[in-house]
Every structure is written in C-alpha cells, then in structure tokens.
Amino acid sequence: LLLVVERDAHRVQAFRLPSLAPLGAFGDTLLTKPYGVAAHRTGPGTYGVYVTDNYETPDGGVPPLAALGRRVREFRVRDAGAAVAATLVRTFGDTTARGALRVVESIAVDPAHGRLLVAEELETDSHLKVYDLAGRYTGQDVGRGRYPQQAEGIALYACADGSGWWVTADQGERVNTFHVYDRRTLAYRGAFTGARTRLTDGVVVTATAVGPFRTGALFASHLDGSVSAFDWDAVARALGLPPGCPEAR
C-alpha cells in the first residue's frame, strides 16, 4: 500500500502498489491539518498507521499545552482488496511542558524497538521526541541542540537483526544537514551534507540494493522540486559505520 497525506483535504488516501489504483481515503472527519504518516504491518493485511495533526489556534499559533492531546491519531487499517477500511485506535499527545508536541510534521515507527520518533519542529527548540507505540511519551528526546533550523524528515535504515540507523534532516536553505543515530541506542553517530541538496523536507532510506547502490540509498527532497540520491556506502564510509546490514556482509 501507498499512503498519502492530503494536508488541505485533511485525510489520508490509500493506493495499491505497483498499479497505483485508488483504494479510498480515511481520517477526513477527524483530522484538521495532517502532515506526517508512519505505518507498520500488524498482521495479515492489517496495518497500524500513525498520522500527525498540526492543528492551530484561530490566529495560526501553537495551542496551549492542555489542547495538545490530539497531535497524533493512530488508525487500524485493513486491506480489504478493493478498498481499505480504517478504524481509529487512539488519539494522543503529551500535555506536559517536557513531552508536548508543539509543532508537528514528520513521524516514523520502529515496531522492533517499540518506538515512535516524532519531529518537534518548534524553531526555537527543534528536536525529536520518542513515544512508545501506545502513544506515551517515554521521557527521551533525541538531537536536542542539533537542529538550529527545523527537524524534518525521519527515515530508518533497518536491518533484520534489529540494528540499523535513523537518518533525520535539519531543513535549511543554506546549510542542510543530515544527522544519523544508532537504531538500538539512539546514540549520535555523526552528520553529513549534500553538495547541492538544500531545504530537505522529506527523506526515505532503504537498506536493500537498488540501482547502482549496493547497500541501499538515502533519497531526500531538494528545494521542493526534485530528489537527491545518496549512496549508503558513501555515507557509511564518511561516518565510520559498518558497511550495510550484517545479513548482507
């Protein structure tokens, strides 16, 4: 399945891959200003789908803490063949000063380690917050102080043994940085930039060989109009990471 968030239509559309046949939409009666989506398989033909919702005050500001409890919606999505059927599982968002999600967009899920990574995009304190799969803030923040612009895209280079790397973007028009963290420990492993890639919003990474990229690749949006590809071999060499996943060595 391909899931596409329509921010201004406040819904998520589903399409069949690889045909791109439309399978319907969901969330339009619940979502206000959706941005990020993350999904994982929970059983045969069923998925857990998390959608961030950056609803605002009437003047376009950040709602007060007490009103931030609806920052993420979790849906159970079933592939019924000709269409998808979606049911709301829970709505969540911490409302304490430490755990609240003030400005949200990107979200990513790692079911193997029971984690959701959510980008807090508040420009004065942008970083990543760690929630569990049930929507509880774990008390852990990642990358605080490393995103002087905005924490944006989040992607997981996932290996079968549970190891791998989180790749996140600090979106900048002049300096656009990609930060890398250990999948298991969330320890910081370094950063890199592209020679030309700027203003990156979304990223995706694969640990599977694709085209000329033997151990996978990172794909990143560039200036809202094109996509850059980074050879994972080059990233690993630059940051001193093991080459590829253990099962492929």
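Begin by selecting valine 5, which stands opposite valine 12 in β2. The model on display is a predicted one.

**The pairing of β1 and β2**

β1 and β2 run antiparallel and are joined by 5 bridges. Next select glutamate 6, whose bridge partner in β2 is arginine 11. Then move into the turn: the hairpin of β1 and β2 has 4 residues between the strands, and histidine 10 there takes a positive phi near 40°.

Colour β1 by accessibility. Which residues form the covered face of β1, and which the uncovered one? Leu3 and Val5 make up the covered face, while Leu2, Val4 and Glu6 make up the uncovered face. Apply the colouring to β2 as well: that strand is mostly covered, with 4 of its 5 residues buried.

**On to β3**

Select valine 12 again, this time looking towards β3, where its bridge partner is phenylalanine 26. Glutamine 13 is the next selection; the residue opposite it in β3 is alanine 25. Taken as whole strands, β2 (residues 11–15) and β3 pair in the antiparallel sense over 3 bridges. The two also form a hairpin, with 6 residues between them, and leucine 20 in that turn has a positive phi of about 65°.

Now display the three strands together. They form an open sheet in the order β1-β2-β3, with antiparallel pairing. β1 and β3 (22–26) are the edge strands, each pairing on one side only. From one strand to the next, the twist averages 20°.

**The largest pocket**

Display the pocket surface and select the largest pocket, which has a volume of about 1100 Å³. Its lining comprises 36 residues, of which Val37, Ala38, Ile107, Val203 and Val204 are the closest to its centre. Colour the lining by secondary-structure element: those that give two or more residues are β1 (2–6), β4 (34–43), β5 (46–53), β8, β12 (151–158), β16 (203–206) and β17 (217–222). Which element gives the most to this lining? Select β4, which gives the most, with 8 residues. A colouring by class shows 26 nonpolar, 6 polar and 4 charged residues in the lining.

**Valine 104**

Is valine 104 buried or exposed? Valine 104 counts as buried because its relative accessibility is 2%, and the cut-off for buried is under 20%.

Show the surroundings of valine 104. Apart from neighbours within four places in sequence, valine 104 is in contact with Tyr35, Thr52, Asp53, Asn54, Arg71, Val118 and Ala119.

Key:
Residues are numbered from 1 along each chain as its sequence is written. This is a predicted model: local features need pLDDT of at least 70, side-chain atom pairs count only at pLDDT 80 or more; totals for chains, interfaces and linings use all residues. Side-chain values use heavy atoms; hydrogens and water are left out. Buried means under 20% relative accessible area, exposed over 50%, partly exposed in between (1.4 Å probe, protein chains only). Contact means heavy atoms within 4.5 Å. On a 1 Å grid over the protein atoms alone, a cavity is a set of points where a 1.4 Å probe fits but cannot get out, and a pocket is an open set with protein on both sides within 12 Å along at least five of seven lines; lining residues have an atom within 4 Å of a point. Grid points are joined across faces, edges and corners, and a volume is the space filled by probe spheres set on the points. Ala, Val, Leu, Ile, Met, Phe, Trp, Tyr, Cys and Pro count as nonpolar, Asp, Glu, Lys and Arg as charged, and the others, Gly among them, as polar. Two strands pair if DSSP finds at least two bridges between them. Axes are lines fitted to C-alpha atoms, for helices over the stretch in contact, and angles run from 0 to 180 degrees between N-to-C directions.
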